[in-house]
Amino acid sequence: MARNKIILYALSLAITLIAPFAFPAYGTQLATLWLMIIVALTWDMTGGQMGYNSLGNIFFYGTGMYVAAVISIGLVYDVGDYTNAAGGGIYEFTDAQYFGGLFLGILGAGIFCSITAVLIGYVTFGLRGPYFAIGTLGVAIAAGELVSNWEWVGGGQGIALPVYPGDLDIGKIFFYFLFAAIGVSVFIFVRWLYGTRFGAAINAIRDDEEKADAMGIHALRYKLITWAMAAFFVGMAGGISAFQLIHFEPLESAYQTINLGIFMVVCVLLGGKGTLWGPVVGAILFHLFKEVTWNYFLGWQWVALGALIVVTVVYFQDGVMGWLMHKRPEWFGIKVEAKVAEEAK
Amino acid sequence: MSSIIEVQGVSKAFGGVVANKEVSLSVKQGGITGLIGPNGSGKTTLFNSVVGYHPIDAGSIKFEGKEVSKLPVQEIARLGLLRTFQQTRIYGKMNGVENMLISLPHRKMSIWDALKSYSSEDYERADHLLEFVGLYEKRKLKSGDLSFGQQKLLEFAMALMNEPTCLLLDEPTAGINPTLINGLIDRLKRANAEFGITLFIIEHNMRVIMSMAETIYCMAHGEMLAQGTPDEIQNDQRVIDAYLGAH
């Protein structure tokens, strides 16, 4: 690894560790930034690297929330009774029950979402291009509607989880580091994955699936596994969100197709589809833009956001990293090489 | 020499259009077999049937004695029967080396193998084959930016990387600069002789196919019109009529 890269990674890690203590007032925003990075990086696994633009990844986020909540509650109480009380009643959780439920719930959410990704993918991966996008969007919307009519998990009211036991400021830092840990894991994971034959195979599917078939690549198998891996991380992120938000309901916070479901796509487009750093850069820029407009242009924030999406999609499709690759191809090793006879032998 | 591909009475219709009507042919193991015919005579349809791109209506297709007419494309490819496309297909967003590496045979690769990185032998083989087709200097460029002829050469190198036992080439010289064609003929012959790959080639360029193939089949209107050595085909009145439009 080049020296510059090591410095870059060390610096990123240092900022990650220091940020919540340096800016204690922004603890929740910083945690949300990591959530954006996670959903952007995982969206890019299928959207950027495999060429399957899913609008339904938010399904795994929402499902992760519910699975984590149900597991953590179900370990201690009857889930139906608990949600019936809708935050009322006396439902105490000891510290051990809270943290045990939290970790098992988050892990369970990841595993459950992986399995559902394989099942849904088996049906939806027959669709190509915009049909896949619409098909997966349909799954997410349908799931939201179904869950909001399912009384056992609280119906349209959603679920109220126990509050973080202890100092709430420490709680903020705790959730920040949970998101950051998943985010860093995702980054390290995809960085490794894209360097393997597996990574090359999903790139081949993106560039020309028919050719990949003709070359004997197990296309469906790779597609299912990739989506399952993405769903694993998104599901866990959803699980953390459930505990961080304390109360969540199906349509606005869990299966929020028009918010986070679209934001993750915009982040990736803004930063650069199909690149390692693109989703991270895009998530940071997008989150900054969003927070600034929400704070200083309240009332116009959705207009500003819409304008950003339109400008990105129409004029800036390759994103920041794609633009850099175009302007400075030599930074990425894209060049005509001098013939080296020895090397070829 | 025994035959590696046996096509028996294959028919294929698209709606009312009969593209192949009871076509039979055999491709000799280790040799070079040609397939010619006017545009629309059903050559590419026959190729597509052989590699499993679409189901056939009747007949049988055997590869190394095994019936393959009901198998999907990827499985046939993993048996070692590979095709290149008339409209060249490469992975445009990847560079030459990546295109080569992804073409490593997947028939022996398990999902755990897929999680490994490429070995230095893989890179050497990729570089060697890129050198073989004359693309070594441009191997780091985005393949989509290469010229059509270069993409065609890259596709050929990718096919070789896959270590097929038999390679079906759909018009390998179409769109290639005439001075490059001789080089390509030479490389196809070397691939056949050195790597022992059986070649089955659709070609419109008569000079090319006559100088390479041992056996040539000629199709017209979806039917097999004639077969024989290059000399026999060149002097066959039916073939001449088909090309000049007497049919």
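A residue counts as buried here if 20 or more other C-beta atoms, placed from the backbone, lie within 10 Å of its own, as exposed if 12 or fewer do, and as partly exposed in between. This is a predicted model, where local features need pLDDT of at least 70, side-chain atom pairs count only at pLDDT 80 or more, and totals for chains, interfaces and linings use all residues. Residues are numbered from 1 along each chain as its sequence is written, with chains lettered from A and ligands numbered from 1 in the order in which they are written.

Let's start with H12(A), residues 260-271. Helices are DSSP runs (H or I, at least four residues), numbered from the N terminus. Of the 12 residues of H12(A), 11 are buried, so the rest of the structure largely encloses this helix. Among them are Phe263(A), Met264(A) and Cys267(A). The buried residues pack against H2, H3, H6, H13, H14 and H15 of chain A. Just after H12(A) comes Gly272(A), with a positive phi of about 125°.

Now the domains, whose bounds come from an automatic or database domain assignment. Chain A splits into domain 1 (27-256) and domain 2 (258-335), and their C-alpha centres sit 22 Å apart. Contact means C-beta atoms, placed from the backbone, within 7 Å.

How values were computed:
Helix = DSSP H or I, 4+ residues; strand = E, 2+ residues; numbered from the N terminus. Expected span 1.5 Å × (residues − 1). Contact = placed C-beta atoms within 7 Å.
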